[in-house]
Amino acid sequence: MNVSELIERYQAGERDFKGISFISAALSGVNLSGANLKEASLSEADLNGANLSATNLQEASLSMANLTHADLSGAKLNGANLSGANLKGANLSGAELKMANLTQANLTDANMDGASLWGAYLAGAKQ
């Protein structure tokens, strides 16, 4: 599946994309709100300004992903790998980040209001 097909299927009402692989994909500004992206491979993907609110990203790989100004409010990121991810200005309000790997992540100006960070790894994260 390519990016165009993903967007087309999402717009047609499909929400289950568990385990999908879009490593280094150009997904800037994409709307995948409420989608199931559990265990997805999105390492190094460009998700700048993406709407991922209420999205299930549990155990997803988002290492080195560009999530600048992305909306991750209410997203489930439990166990996700966000090491080295750029979350500058991202909205993580109400997000679940239990046991998430945020080592070396850029969290500058990120909205973390009400986010659950129990057991999250934050070594070297920039705030």
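Predicted model: local features only at pLDDT ≥ 70, side-chain atom pairs only at ≥ 80, totals over all residues.
Once its neighbours within four places in sequence are set aside, the contacts of N51 are V30, N31, L32, S33 and D71. W118 stands 67 residues away from N51 along the chain, and the C-alpha atoms of N51 and W118 are separated by 24 Å.

Other residues of the segment after α1 can be described in the same way. N78 also belongs to that segment, and N78 is buried, since its relative accessible area is 14% and the cut-off for burial is under 20%. With neighbours within four places in sequence left aside, N78 is in contact with Q58, E59, E96, L97 and K98. M99, likewise located in the segment after α1, is 21 residues from N78 along the chain, while the C-alpha atoms of N78 and M99 are separated by 5.9 Å. M99 itself counts as partly exposed, because its relative accessibility of 37% falls between the limits of 20% and 50%.

The backbone of M99 deserves a remark: its phi is near 60°, a positive value although M99 is a residue other than glycine. A54 is a further case, with a positive phi of about 60° in a residue that is not a glycine, and A54 too is found in the segment after α1. As background, most residues other than glycine have a negative phi.

A80 is another residue of the segment after α1, and A80 counts as buried because its relative accessibility is 1%, under the 20% cut-off. Not counting residues up to four places away in sequence, A80 touches L57, E59, A60, A100 and N101. L57 is listed, together with L47, L67, L77, L82 and L87, among the residues with the most contacts inside the largest nonpolar core, a set of 42 residues. In soluble globular proteins, nonpolar side chains tend to be buried together.

S4 provides a view from the helix, as its place is in α1. S4 is exposed, because its relative accessible area of 56% is over the 50% limit. The following table collects the C-alpha separations of selected pairs.

| Pair | Separation in sequence | C-alpha to C-alpha distance |
|---|---|---|
| N51 and W118 | 67 residues | 24 Å |
| N78 and M99 | 21 residues | 5.9 Å |
| A80 and S4 | 76 residues | 25 Å |
| S4 and L27 | 23 residues | 9.8 Å |

At the level of the whole chain, the secondary structure consists of one helix and zero strands. The C-alpha trace spans about 40 × 25 × 20 Å along its principal axes. The radius of gyration is 13 Å, which agrees with the value near 14 Å that a compact globule of 127 residues would have. Of the contacts between residues at least 6 apart in sequence, 1% join residues that are at least 24 apart.

Buried residues account for 42% of the 127 residues in the chain. The chain exposes about 5900 Å², and carbon and sulfur atoms supply 44% of that area. As for charge, the chain carries 8 positive and 12 negative side chains, and the centres of these two sets lie 4 Å apart.

Terms used: Residues numbered from 1 in each chain as written. Heavy atoms only, no water. Helix = DSSP H or I, 4+ residues; strand = E, 2+ residues; numbered from the N terminus. Rg over C-alpha atoms; globule rule 2.2 N^0.38 Å. Buried < 20%, exposed > 50% of the residue type's maximum accessible area, 1.4 Å probe, protein only. Contact = heavy atoms within 4.5 Å. Areas by Shrake-Rupley, 256 points an atom, 1.4 Å probe, with all protein chains shown as cover. Lys, Arg positive; Asp, Glu negative; His and termini not counted. Charge placed at Lys NZ, Arg CZ, Asp CG, Glu CD. Core = buried A, V, L, I, M, F, W, Y, C linked by side-chain atoms within 4.5 Å.
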